[in-house]
4 protein chains.
Amino acid sequence: MDFAPDARTAGLTAQVRAFLHERVLPAEPVLDAQLAATPDTWSFRPVVSDLRAAAREQGLWNLFLPDGPAGRHGAGLTNLQYAPLAELTGWSPRLAPVALNCAAPDTGNMELLAHFGTPEQQERWLEPLLDARIRSAFCMTEPDVASSDATQIGTRIRRDGDDLVISGRKWWSTGAMNPDAALLIVMGKTDPDAPRHRQQSMVLVPRDTPGVTVVRPLTVFGYDDRDHGGHAEITFDDVRVPAAHLLGGAGEGFAVAQARLGPGRIHHCMRALGMAERALALAGERARGRVAFGRPLAEQGVVREWVATARIEVEALRLLVLKTAWLMDTVGNRAAMTEIQAIKIAVPRAVQSILDRVMQLFGAAGLSGDQPLAEMFAAARALRLADGPDEVHLRALGRAELHP
Amino acid sequence: MDFAPDARTAGLTAQVRAFLHERVLPAEPVLDAQLAATPDTWSFRPVVSDLRAAAREQGLWNLFLPDGPAGRHGAGLTNLQYAPLAELTGWSPRLAPVALNCAAPDTGNMELLAHFGTPEQQERWLEPLLDARIRSAFCMTEPDVASSDATQIGTRIRRDGDDLVISGRKWWSTGAMNPDAALLIVMGKTDPDAPRHRQQSMVLVPRDTPGVTVVRPLTVFGYDDRDHGGHAEITFDDVRVPAAHLLGGAGEGFAVAQARLGPGRIHHCMRALGMAERALALAGERARGRVAFGRPLAEQGVVREWVATARIEVEALRLLVLKTAWLMDTVGNRAAMTEIQAIKIAVPRAVQSILDRVMQLFGAAGLSGDQPLAEMFAAARALRLADGPDEVHLRALGRAELHP
Amino acid sequence: MDFAPDARTAGLTAQVRAFLHERVLPAEPVLDAQLAATPDTWSFRPVVSDLRAAAREQGLWNLFLPDGPAGRHGAGLTNLQYAPLAELTGWSPRLAPVALNCAAPDTGNMELLAHFGTPEQQERWLEPLLDARIRSAFCMTEPDVASSDATQIGTRIRRDGDDLVISGRKWWSTGAMNPDAALLIVMGKTDPDAPRHRQQSMVLVPRDTPGVTVVRPLTVFGYDDRDHGGHAEITFDDVRVPAAHLLGGAGEGFAVAQARLGPGRIHHCMRALGMAERALALAGERARGRVAFGRPLAEQGVVREWVATARIEVEALRLLVLKTAWLMDTVGNRAAMTEIQAIKIAVPRAVQSILDRVMQLFGAAGLSGDQPLAEMFAAARALRLADGPDEVHLRALGRAELHP
Amino acid sequence: MDFAPDARTAGLTAQVRAFLHERVLPAEPVLDAQLAATPDTWSFRPVVSDLRAAAREQGLWNLFLPDGPAGRHGAGLTNLQYAPLAELTGWSPRLAPVALNCAAPDTGNMELLAHFGTPEQQERWLEPLLDARIRSAFCMTEPDVASSDATQIGTRIRRDGDDLVISGRKWWSTGAMNPDAALLIVMGKTDPDAPRHRQQSMVLVPRDTPGVTVVRPLTVFGYDDRDHGGHAEITFDDVRVPAAHLLGGAGEGFAVAQARLGPGRIHHCMRALGMAERALALAGERARGRVAFGRPLAEQGVVREWVATARIEVEALRLLVLKTAWLMDTVGNRAAMTEIQAIKIAVPRAVQSILDRVMQLFGAAGLSGDQPLAEMFAAARALRLADGPDEVHLRALGRAELHP
C-alpha cells in the first residue's frame, strides 16, 4: 500500500494546477462579462476558445480518455491518474473542464464512441468531438417515469426496413440547447418483450434530423447554465435514422449505459471535491479577512469546527474515490460497483453540506453571483439525482452488504 | 393552557385557505406566463392586481398590522391571530403575500411608519402603502461589513442646516429594483462617537432623490426574483433630504430596527412553515403517484421515514412560533427575545432540510421551475442569513442560556 | 390559544419544584451510599421511604392518575396538568418518580387496574399499589420475537376449567427483580386463530405462583438499575391462576395494552425533558466554572452553539408534548395517536443527543457515576426501544401522513 | 499510489483473522462465565492466559511495536502494516488485544520505554511487559483540571537530593485496579516556571511505593471494565522514588507524552473500526433472521439505507487511518499531526453512530449484555474524550486549515 502519486500524475497535477491558477481563474470574470453581453445565446463564449487553444498548446487535452491501444484517442491515463486532474477542474466548473475538453457529457459520449463505435461512427462523431469541433448530448432521462429503473423507459425505437424510427420525450439532455451539439445519443426500447436488461438500445441521432424538437430549457435552481448549453427537453416524433446509427448493437443499450457510468461518476465526484476545495480556500480568505464582534472569523471556535469537519470529510472521501479509481483500473468497473455506488452517494452529499456552510460564512454574498458558491451548490445538489437518486444506490448498496 | 384557536382566527384561517386554493394557486401558472412574456421588467405583473382586488373585496387586506388604536391602520389582529394566516401565504410565496398586501419588506416598513412616523410621514408614505399604490424598500445591509454588528455600518448621515446628507452603499434592498418602490428607508450613522447603539438613525428617502443610484440586481441561487422587484445594490452619493425625513429621532435607528425584527421574524417563520406544508402536500401527491421498483414511493419505508420526520419537525416548530407570537402579545417583543431568536434559527434550517428531501423525491423535476420547490429552497436558505446569520443568534441565545 | 398554565398546575409545579430541590436532589448521594452498602439487594433503599413519607405529607402523591369520578383514586389531574410535574421528576429519575408514587411501570399498571379492573382486582392490587405497599411489573416483551408486532407474541394462555394456564418467556420486565413486585401483569395469546388484534389477553399473576421463575437480571449498557428492581427475564411454566384474574376480558389484551401506552408515553417524554433540563443546568455550572485555553467554556462559541441548539430543541418538543397531552384530554387517546407517535419518536432522540453533548462538556467525568449524565443517557437511549422501536412508529406516522 | 497490502501484511492479516474466529470469539462466553464466577477481582481471568499461550505459539505477539533496530523488541511492523491487525483485534476488544499482548495502555507504555528508557529501565519494566508478566498504567488525567491543556496539570514532582517526591491526584488510570499493574507512569510538573511545554516530566513509579493509594474504580456507562483492570483514581502523597526513575529527562514530559499519542490513536481508531465491522456483521445476521411486519429486516429499505451509510463511513475512514499510518511511517508523527487529529475526531464519532444504529436493529437485546454492542458503544464514546476531547482537536485542526 502506497499513498504517493506516480511521477506522471505528479507532473500533470502540477501542470494543471498552474494552468488553473494562471489561466482559468483569471478568465472567470471574462466569462461573466461575455455572458452579460450575450444573454440570448447558448453557445460557448469566446473565452472558452482562448483557453482551449492554450490548453492544447500545453498538451492538456482529452486527459480523461483512459482507453485505447496505447491511448490512441486520449492521453492514456488510468482512472487513478486522471482523478486528481479532474479534481482540479472542479475548482472552476464552468471553464476548466471545457478548456481541457474534459467536460460532461462529451467525455462520456466520447468514451462510448471509443468503446462501442464502428470505425464509421468514430470518424463521423468521435474525431470532431476529440477535436472540440462539435458537442454532443446524452438523451436518457424521461419526464414521465423513474428513469433510474431502465425498464420504465418510454421512448420507442422501431425498425422499419433499413431505418430506425424513434418516438419519445427526453429531458435533462445537458448541453443540448447549444446549437453546436450536433450529436444526440438516444436511449430507447427496441424490444419491450426482451429480458429486462435487453430491451434497450442506443442510437446516434444527428441534431438536425427531422422530427427532433428542442422544446425548452430547464433550470437548476435559478440557473439555466447557458454558458455551456443548458439542459433541454427534447421530443422525438418519428425521427428516422439509418440502422447503422445503432451504437453497440440492438439490445445492448443497458450495457452501454452502464459502461458510461463508472468513469462518469469518478469524474463527477472528483470535480465535486475540487468544488469543495475551492470553497474551503475561499472560506479561509473570508475568515481571515472578515471581522465580527471584535475578532476575525478565523479565530472563532465555531468557524474552526466547521472548517475542520469539512477538511476531514474531503480527505476521507478523496481517498475513497481514489481507491475506487484504482479498483476500476485493476479489477474492472463491474468489480468496483460497490465502491462506485458508495462515492456516488457520499461525495455529493458531503460537498453540498460543505458548500452550504461556506455560503453561511459569506453571508448573503454567498448566495449571489458574486461568489461561485451558490452555483456550485446547485451543481452538487444536482449530482444527488444525476444517474439515479441517492436512494436507488443506497438500496442496492445496503442489499449487497446485507446479502454478502 | 389551551391549544385551540379563537373564533376570529379560525374564521379567517378558513377564509384565507379558501382564497389560497381557489384564487392564488390557480394564478401561479398565469404568473409564470406573464413573467415569460415580460422578461425585462421588475414591476408586479397584472395577475397581482387581479388577486389584490379579489382579496380586498373579501376583507383579506393588511391583516399583518397588529397595531394601533383599535386597528386603525390594519386588521387589528394579534401576532398569535395573524400567525396561521401568514403560514397559509407561505404556500405561494410569490403571490399570496402580495395579494393580501402582507409582503415583506412593505409590512415591516408599514409597521415602522405606524409606530414611529409623524402624521406627515404617515400621510405621505403609510397611506399609499396600506393602499398598495406604492412599494418600499429597507436599506440596511452593506457589502463591506458584517451588518449584523450595527456598529460596523459605514453609511453616513450628516446634518447640513435643515437637511440630512446621506452617503454610503447598501445591498440586498429587497424590492428596490421595482420602479414602484417609491420609498427607501435607509439606516446610517449620524453620530459615530455616540454610545454603541445610539450612533444610528433611520431616514426616509424618496427613490427619485438625486444621488440615489440603483446599481444592479443581485441573485439568490440564480433567481433574480424579478416578479416582485428583486434585490438591489444601491449607492447614495450626497443624497440630500429634509431633516423632517428622520424616522423616530436622531440616534434612534438601532431601536427602530429592533422593533421591526420581532414581527418580521414571526412572519418569515410562519411563511416558511407554509412552504414546508406545501412541500409535504406535493410530496404526498408524488409519493402516491410515482412507482419505482414495483411499488409506489408512498409504500417505501425510506419515504415514510422522511415524511414522518418532516411532519414532527413542522408540528413542533409551529408550536414554538405560536408561543413566541403569544409572548410578544402578552409580555412584549423584548421579553420574547430568546424565543424570537430560537425560531429565527430553527425554522429556516428545518424547512430547508425538508425542502431538500422533497426535492429528492421529485427527482430532477424538483430542481427545476416545474415545481416550486427549488425556489422555495432558495428562499428558506436566504432566511438563514436575513436579519443576521444563524451564528449571531446562536451565540446570543447560548450566552443567555449559560448566564441566566 | 393560550400558553399560560392554569392556577392549579402553576401551584403544583412550584410545590414539586421545591420538593425536588429541597428533598430529592440532596437525597441522591444518600442513595448512592446506601446502594454501595447493599450491593446484593434489589429492593428500594431506606431513603425512598423517607422521601415518600415527606411527599405524602405534602399531598404530592399519585399525581399521575388523571382518572376516575372526581379523582377517586388519584389526584384527578388532566394529562396537561400532570405533564409539567412529570417533567420535574425527570430531574432525578431514580428518586423523584418513586418518591411521589409516580414511577413506571406501576403508574401504567395502576391505570389499567383503575380502568379495567374488577372491584375485587382493584381491592387486591390497586389499593396496595396506590399506597405503595407493593410494586408490580408488566410482562409484555419476549426475547424470541419482534414484540412490537403483537401477532408474534409467543406466550400462551389456555383455559383449563376455571383456571388459566400460562406458558412462555418474557424479558425486560422492569422492576421484577424487586421481591416487593407482588403482581405481574402478563400478556399472552388466548386465541391464536382470532382476528389479529383479538388474539391476546392480559392476566394478573401473583409473583409467588408456582411455575413463575425469575431467571436473571438484564443490564442497560452496564447498569442493572438495582435501585428500583432492575429488568428481569421471567419464565412461565404452566402457571395456573383462576380465570377471574383476567384483566379486561378474553381477547381484550391488545386494546388494554394500547390504553396503557398513551399516558405512558407522555410521562416518559416529560421525564426525558426533565433529564435534558437537569443536564442543561449542569452544563451551565460546568461551563461557567471550567477554564480551557484561557477562557471559561461558557465564553467559547462552540459551547454556546451546543447549548443554544439544545435549548431550542427542548422548548419546541415540550410544546409538542403538552399539545399531545391536551389532545388526549380533549379528543381522546385514539384521536391523538399521531401526536403520541410523534413525541415517542422525537423526544428520546433529542434528549439522547443533548445528553451526549453535555457529557462531552464534562469530559470523562460525564461518563462516570460522578455525574448523572451517563445513566440518564442509558435511560433515554432505552426509550427509543421501549414500547416499540422508533422505526415502527416512524413507519406508521409516515403512512398516515402519506395517506391522509 | 497503490491500495493493495504487501505480502507480509496480507499473511499476518489472514493469520490474525483465523485466530480471531477460531480462538478469540469462541472464548467470549468463557470470559463471561469466569467474570460471573469471580465478581470481586480485577485481575485477568484464566481464559486470557490460554489465549496468550496460543497466540505466542503462532508468533502473534507484540505485533504493535514498530520500533527498534530490526524490531529488537517487537515484530518490526510499520504502522501501516500493523493497522489491519489492530482492526481485527477490535472485533473482540476485551480479549483479542490482551491475547496478542497488544492492549492499551501497555502498548503505549512499552513504546515509551523502548524509545526513552535507559537500559536499566528497560530491563526492569520493558522486558516483563513484553513478556506479559506484569501490566502497567499511565497516570496523566486529573480530576480538577482540563488535562488536555498540559499547563494546567496539578501534580508536582520535586527533587529532594537523589530522590523525586510526587504529590497529586490522578484518575482514569486504565488498568490500575489490576493488582498486576506493577508500574505506574506518572506525569507531573517538575518546573512550573519553565516554558509552557518544558514544565512537565514523566516518572516511573512502582505500584507498591509508599504513598500510592488506589482510591476507587470509575465506571464508563455503568461498566467497571473489571475484566482487564478498570479505571482507577489514585492519589500520590509524597511518593518518593529515585531520580533515576525519570523517563526521558526532566522537562521532557510533554514531548514524551506527545510521542505516545500518534501510534496510540492509530491503534484506537483501527480497533474502533474493527468494532464497527463486528457490529455490521451482527447487523447482517440479525437483519436476515428477524421478521417484522411480514418481511425480514434485511429487505426493508430503512435498514438497507442504515447499513449502506455505515459501510461507506467505514470504508472512507479506514482509508484515512491507513493514510495516516503511512504518513507516520514516511514523514514522521509530527508531519502527520493534522491527519492524526482528523482520525482521532472522525473515527470514534462515526463508530459511535454506527453502533447506535445497530443497537436499534437489535431492539432491547442490543442494550444488554447479550450482545457486545452496548459495551462497544461505551468504549467508542469514551474515545471521544480519551487523549483530549474532540473539541480540542477540532479547534487545532481548524486553526491549521485557516492559517496555512
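**View 1. Chains A and D of the predicted model, related by rotation.** A rotation of 180° with 0.0 Å of shift along its axis brings chain A onto chain D, with an RMSD of 0.0 Å. The two copies are therefore related as by a two-fold rotation axis. Both copies use the same surface, as 100% of the contact residues of chain A recur in chain D.

**View 2. The contact between chain C and chain A.** Four residues from chain C and four residues from chain A take part in this contact. On the side of chain C that touches chain A, one residue is nonpolar, two are polar and one is charged.

**View 3. Helices H1 and H3 of chain C.** Helix H1 of chain C spans residues 7-37, and helix H3 of chain C spans residues 79-89. The pair packs at an angle of about 10°, and the axes lie 9 Å apart. Because angles under 35 degrees count as roughly parallel, H1(C) and H3(C) are described as roughly parallel to each other.

**View 4. Helices H5 and H7 of chain B.** Helix H5 of chain B covers residues 106-116, and helix H7 of chain B covers residues 253-289. Their axes are 9 Å apart and form an angle of about 135°, which makes H5(B) oblique to H7(B). The crossing of H5(B) past H7(B) is right-handed. H5(B) contributes B:Thr107, B:Gly108, B:Glu111, B:Leu112, B:His115 and B:Phe116 to the contact. H7(B) contributes B:Val256, B:Ala259, B:Arg260, B:Pro263, B:Gly264 and B:His267. The contact of H5(B) with H7(B) has five nonpolar, five polar and two charged residues.

**View 5. The middle domain annotated in chain A.** An unreviewed UniProt entry lists "domain: Acyl-CoA oxidase/dehydrogenase middle" at residues 137-239 of chain A. Over residues 137-239, chain A is 50% strand and 0% helix. The end C-alpha atoms of residues 137-239 of chain A are 16 Å apart.

**View 6. The C-terminal domain annotated in chain A.** At residues 251-400 of chain A, UniProt (unreviewed entry) places "domain: Acyl-CoA dehydrogenase/oxidase C-terminal". Here the chain is 77% helix and 3% strand. The C-alpha atoms at the ends of residues 251-400 of chain A are separated by 26 Å.

Key. Residues numbered from 1 in each chain as written. Chains lettered and ligands numbered in written order. Predicted model: local features only at pLDDT ≥ 70, side-chain atom pairs only at ≥ 80, totals over all residues. UniProt positions renumbered as here; feature names shortened; annotations may be inferred. Helix = DSSP H or I, 4+ residues; strand = E, 2+ residues; numbered from the N terminus. Contact = placed C-beta atoms within 7 Å. Nonpolar A, V, L, I, M, F, W, Y, C, P; charged D, E, K, R; others polar. Least-squares fit on C-alpha atoms with pLDDT ≥ 70 in both. Axes fitted to C-alpha atoms, helices over the stretch in contact; angles between N-to-C directions. Parallel < 35°, antiparallel > 145°, perpendicular 65-115°, else oblique. Left-handed = near helix turned anticlockwise from the far one by under 90°.
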